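Please examine the sequence and the structure shown below.

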Amino acid sequence: MKYMDEFQDPALAARLLDDIRATVTRPWALMEVCGGQTHSIIRHGLDQLLPEEVELIHGPGCPVCVTPLEVIDKALEIASRPGVIFCSFGDMLRVPGTDRDLFQVRSEGGDVRVVYSPLDALRIARENPDREVVFFGIGFETTAPPNAMTVHQAAKHSIRNFSLLVSHVLVPPAIEAIMQSPRCRVQGFLAAGHVCSVMGTGQYPDLAERFGVPIVVTGFEPLDILEGVRRTVRQLERGEHRVENAYQRAVAAEGNPAARRMLQDVFEVTDRAWRGIGVIPGSGWRLSERYREYDAEHRFQVGSIATREPEACRSGEVLQGLLKPHECEAFGTTCTPRSPLGATMVSSEGACAAYYLYRRLELPAREKETSVV
């Protein structure tokens, strides 16, 4: 672990913080796009170490959190059907649908299984040819390549009892939607390094230019994030708005060409609803026509489903960076990890879960003074 320890060095962190303090002359609001970055920020208290002029706003980068309620309800409907083995990563099982979750479906007799790879679900399909096996394929560009490869393998080996319930979303259209919101306060972005490791950085220069915001590709360790903040603040103070790659040990400008070819073959771009936010045009993937028979939504004919979000849940505002978790009246009281109102409280990358886990239960003094709630 020595290599990772180097990115948590307190002395180097102090030097980066000193540089940020020496650079900043006015207030700036930066958004970290990824939920993994949010957890690192809250876990290490980076937002509290930064000078008060620099505010970190948590973005919609939690894949579990932005999976729309309608898709969750479709998953629950499919998982409840006889003859179905429904496979998912574990963090989806407690995400609330309209009136239950996948744990409850399992307790009622549904065959819901936790797997660690979509290829595990494909193996289960091979071992159970008389059952329909469905894998819940969610996430950003990061998790899409293995899901695409699994569908490709199912077609290649003629495994007909496997299908994918798809809810993949894309980061650049989300950044565009955030910047177009009349309530947007974001002046710079820390882009998700793992997304860029797949897709590269080619989609970001146009966004930086059109909206006049610096976009710095950033990793997930404390020094990665502080370096991303340092570079973003430096650009803002100079009046610049460029794309910078502060995560070169993992991200190449062209991304991963093999993964991108697989994605282009298996998926096609579509409009996608984001939970708590609404439909963002061109912000998701669905299976292309060539692989449509492996689309669980098509196979099981789960069309439009009536959904109902809890009125007390304000996770949509959290995902848009308009609200900090502890500014929500339900946070830590009627909404906890054991009884979540929304996915942001139950996901391992959710902002509400981070604030609860690391005991950010009330507003610090400086946030009380500036809160718009």
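Predicted model: local features only at pLDDT ≥ 70, side-chain atom pairs only at ≥ 80, totals over all residues.

C184 is partly exposed, because its relative accessible area is 23%, which falls between the limits of 20% for buried and 50% for exposed. Which cysteine sulfur is closest to that of C184? The closest one belongs to C34, yet the two sulfurs are 19 Å apart, which is too far for a bond. C335 likewise takes part in no disulfide. The nearest cysteine sulfur to that of C335 is in C313, at 6.1 Å, whereas a disulfide requires sulfur atoms within 2.5 Å. C335 is buried, because its relative accessible area is 9%.

A disulfide is a covalent bond between the sulfur atoms of two cysteines. How many disulfides does the model contain? The count is 1 disulfide, and the bond joins C62 to C65 with an S to S distance of 2.4 Å. The torsion about the S-S bond of C62 and C65 is about 70°, and the disulfide is therefore right-handed. As to accessibility, C62 counts as buried at 3%, and C65 is buried with a relative accessible area of 2%.

The account now turns to helices. Two packed helices are described by the angle between their axes and the distance between the axes. Helix α2 covers residues 10-23 and helix α13 covers residues 222-238; their axes come within 10 Å and cross at roughly 15°. This angle makes α2 roughly parallel to α13, since angles under 35 degrees count as such. The crossing of α2 and α13 is left-handed. On the side of α2, the contact is formed by L12, A13, L16, L17, D19, I20 and T23. On the side of α13, the residues are L223, L226, E227, V229, R230, V233, R234 and E237. Sorted by class, the contact between α2 and α13 comprises 9 nonpolar, 1 polar and 5 charged residues.

A second pair consists of helix α10, residues 171-180, and helix α12, residues 204-211. The axes of α10 and α12 come within 10 Å and cross at roughly 5°, so these helices are roughly parallel to each other. From α10, the contact includes V171, P172, I175, E176, M179 and Q180; from α12, Y204, L207, R210 and F211 take part. By class, the contact of α10 with α12 holds 7 nonpolar, 1 polar and 2 charged residues.

Definitions and conventions
Residues numbered from 1 in each chain as written. Heavy atoms only, no water. Buried < 20%, exposed > 50% of the residue type's maximum accessible area, 1.4 Å probe, protein only. Axes fitted to C-alpha atoms, helices over the stretch in contact; angles between N-to-C directions. Helix = DSSP H or I, 4+ residues; strand = E, 2+ residues; numbered from the N terminus. Parallel < 35°, antiparallel > 145°, perpendicular 65-115°, else oblique. Left-handed = near helix turned anticlockwise from the far one by under 90°. Contact = heavy atoms within 4.5 Å. Nonpolar A, V, L, I, M, F, W, Y, C, P; charged D, E, K, R; others polar.
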